[in-house]
Amino acid sequence: MFFRKLILALIVFIFVISGTVSYSYEIDYSPYYITSDYCVSPGYLLYVVNCEVSVSLRYSPATDADVITQVPLYSPVQYLGNARNGYLYVDYNGMIGYILAAYLDYREPKTSVGHFGTIANVNESASLRSLPTAASPAYTQMPKGSTVTEISDINDGFYKVTYNGMKGYVMKSLVQLYTDSSQKVYGTYYNQSLMEFIDVTPNDPTSITVEFYDYTPTGERNPSYMKVNYVMVNNNTWSSVAADYGKFSLDAGAQVICYDGLDTIAFVPYGYSPVYYYR
């Protein structure tokens with residue numbers, strides 16, 4: 001009887017060990033994709049492609065493995081290694097697991113359709129959702145007239161947008177896009193002589209905000225000197241009343257911004273020479 005129990009215990013032990021070993025995978029941490037001008041090494045970004053809505057991030061590199069979460073189309077993931085069985089080992093927003101390599105590409109999808117829009121065609125608000133489907137959970141509600149930015153075309157029914165710093169998905173029919181030429185001005189610019197940066201962001205179809213800031217010697221961004229609102233004069237010109245503009249320190253008169261349509265903004269303070277910032 002003792003020997004039968006011993007043998008049974010050994011069989012159970014071997015079964016448990018074999019089951020544990022079956023979930024131990026050898027990861028290749030060498031570069032995954034190499035060409036003459038590009039190399040995907042651990043830490044580099046890959047992007048979800050070749051799916052309609054999302055792909056599964058799994059606990060192990062197998063089609064029947066449990067799913068950690070769904071990764072939406074076009075989302076970036078950080079490449080960590082290659083499981084060498086069709087799966088890649090990746091990090092998605094701090095969640096580490098496996099995605100089929102066929103759904104990942106090193107080329108960032110070019111899907112931008114506009115820098116900003118407003119929520120429209122609703123009585124009160126629209127849902128900012130976690131996935132580009134009507135059945136997915138909503139992060140928050142966006143009131144009618146709210147501004148959304150960084151708009152990308154995801155599928156036939158949804159845009160990916162940013163609202164108050166949150167990224168998510170909203171039905172296309174609920175977004176009024178603004179595609180006039182002025183949207184090209186949005187972004188970050190730099191003045192080398194002043195060692196100063198500016199961020200240009202939209203408020204609504206006729207005004208923008210310009211934020212002035214610089215960086216510490218250790219590379220950390222300092223608080224902004226000032227955020228100033230400008231009203232559109234025409235497609236490439238905006239105007240603002242006098243204010244403390246950081247290093248300009250104006251006391252009177254107006255300041256005009258002119259944009260060349262490419263990569264340069266000229267600040268023209270009243271009574272001063274133009275100050276140029278470049279992308």
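This is a predicted model: local features need pLDDT of at least 70, side-chain atom pairs count only at pLDDT 80 or more; totals for chains, interfaces and linings use all residues.
Select Arg221 and Glu211: they form a salt bridge, with the closest N and O atoms 2.7 Å apart. A salt bridge here is a side-chain nitrogen of Lys or Arg within 4 Å of a carboxyl oxygen of Asp or Glu. Arg221 lies in the loop between strand 19 (207–213) and strand 20 (226–234), and Glu211 in strand 19, so the pair ties together parts that are 10 residues apart in sequence. Helices (H or I, at least four residues) and strands (E, at least two) are DSSP runs, numbered from the N terminus.

Residues are numbered from 1 along each chain as its sequence is written, and side-chain values use heavy atoms, leaving out hydrogens and water.

Next, select Arg84 and Glu26. Their salt bridge has its closest N and O atoms 3.0 Å apart. The pair ties together parts that are 58 residues apart in sequence.

Now pick Asp105 and Arg107, which meet in a salt bridge (2.9 Å, N to O). Asp105 is buried at 18%; Arg107 is exposed at 53%. Buried means under 20% relative accessible area, exposed over 50%, partly exposed in between (1.4 Å probe, protein chains only).

Finish with two loops. Tyr74, between strands 5 and 6, has a positive phi of about 75° although it is not a glycine. Asn93, between strands 7 and 8, has a positive phi near 50°.
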